[in-house]
Amino acid sequence: FDYEELKNFQIHVQARDGGVPPLSSSAMVNVIVLDQNDNAPVIVSPSHQSGSVAEEGLPLSAGQGYLVTKIMATDADSGQNARIFYQMLKSTDPTLFTVARNSGEIRTA
């Protein structure tokens with residue numbers, strides 16, 4: 001079952017005996033599908049085409065804490081599985097910029 005396609009469903013069941021006359025009872029069962037972490041986050045901003053690099057301009061007057069850009073991503077999962085964290089994986093000089101773990105803001109260090 002895929003939570004993103006079907007979050008819950010109902011099953012109406014009946015139990016019947018073999019007596020004469022036959023007697024029965026029925027119940028409605030609500031089934032809730034639990035979400036799995038089965039979708040990877042997708043970066044939506046800054047936008048770039050597959051295989052290309054996003055470019056951001058930086059003025060010479062940019063001081064410490066200048067907001068260079070904000071990375072935004074979405075995840076089709078729900079709850080904790082959809083929570084997104086950001087980090088710098090590699091940089092020409094990692095001392096020049098910081099990436100905010102929760103917001104995705106990239107600022108000058």
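I took two strands as paired where DSSP finds at least two bridges between them. The model I examined is predicted.

**Entry 1: the sheet.** I looked up the bridge partner of lysine 70 and found glutamate 105, in S7. I then checked the strands concerned: S4 and S7 pair in the antiparallel sense, over 3 bridges. I traced the sheet as an open one of 3 strands, ordered S4-S7-S6, with antiparallel pairing. I noted strand S4 (67-70) and strand S6 (97-99) as the edge strands, each pairing on one side only. From one strand to the next, I recorded an average twist of 20°.

**Entry 2: threonine 108.** I located threonine 108 in strand S7, which spans residues 105-108.

I next examined its polar contacts. A polar atom of the threonine 108 side chain lies 2.4 Å from the backbone oxygen of glycine 63. The side chain of threonine 108 also reaches the backbone nitrogen of tyrosine 66, at 2.9 Å. Setting aside neighbours within four places in sequence, I listed the contacts of threonine 108, among them Leu58, Gln64, Val68, Leu96 and Phe97.

**Entry 3: the nonpolar core.** I looked up which residues form the largest nonpolar core and found 6: Val68, Ile71, Ala73, Ile84, Tyr86 and Ile106. In soluble globular proteins, nonpolar side chains tend to be buried together. I followed one core member, isoleucine 84. Beyond its neighbours within four places in sequence, isoleucine 84 is in contact with Pro41, Ala73, Thr74, Asp75, Arg101 and Asn102.

Notes: Residues are numbered from 1 along each chain as its sequence is written. This is a predicted model: local features need pLDDT of at least 70, side-chain atom pairs count only at pLDDT 80 or more; totals for chains, interfaces and linings use all residues. Side-chain values use heavy atoms; hydrogens and water are left out. Helices (H or I, at least four residues) and strands (E, at least two) are DSSP runs, numbered from the N terminus. A polar contact is a pair of N or O atoms within 3.5 Å; within protein, one must be able to donate a hydrogen and the other to accept it, and residues adjacent in sequence count only if both atoms are side-chain atoms. Contact means heavy atoms within 4.5 Å. A nonpolar core is a set of buried Ala, Val, Leu, Ile, Met, Phe, Trp, Tyr and Cys residues joined through side-chain atoms within 4.5 Å. Buried means under 20% relative accessible area, exposed over 50%, partly exposed in between (1.4 Å probe, protein chains only). Axes are lines fitted to C-alpha atoms, for helices over the stretch in contact, and angles run from 0 to 180 degrees between N-to-C directions.
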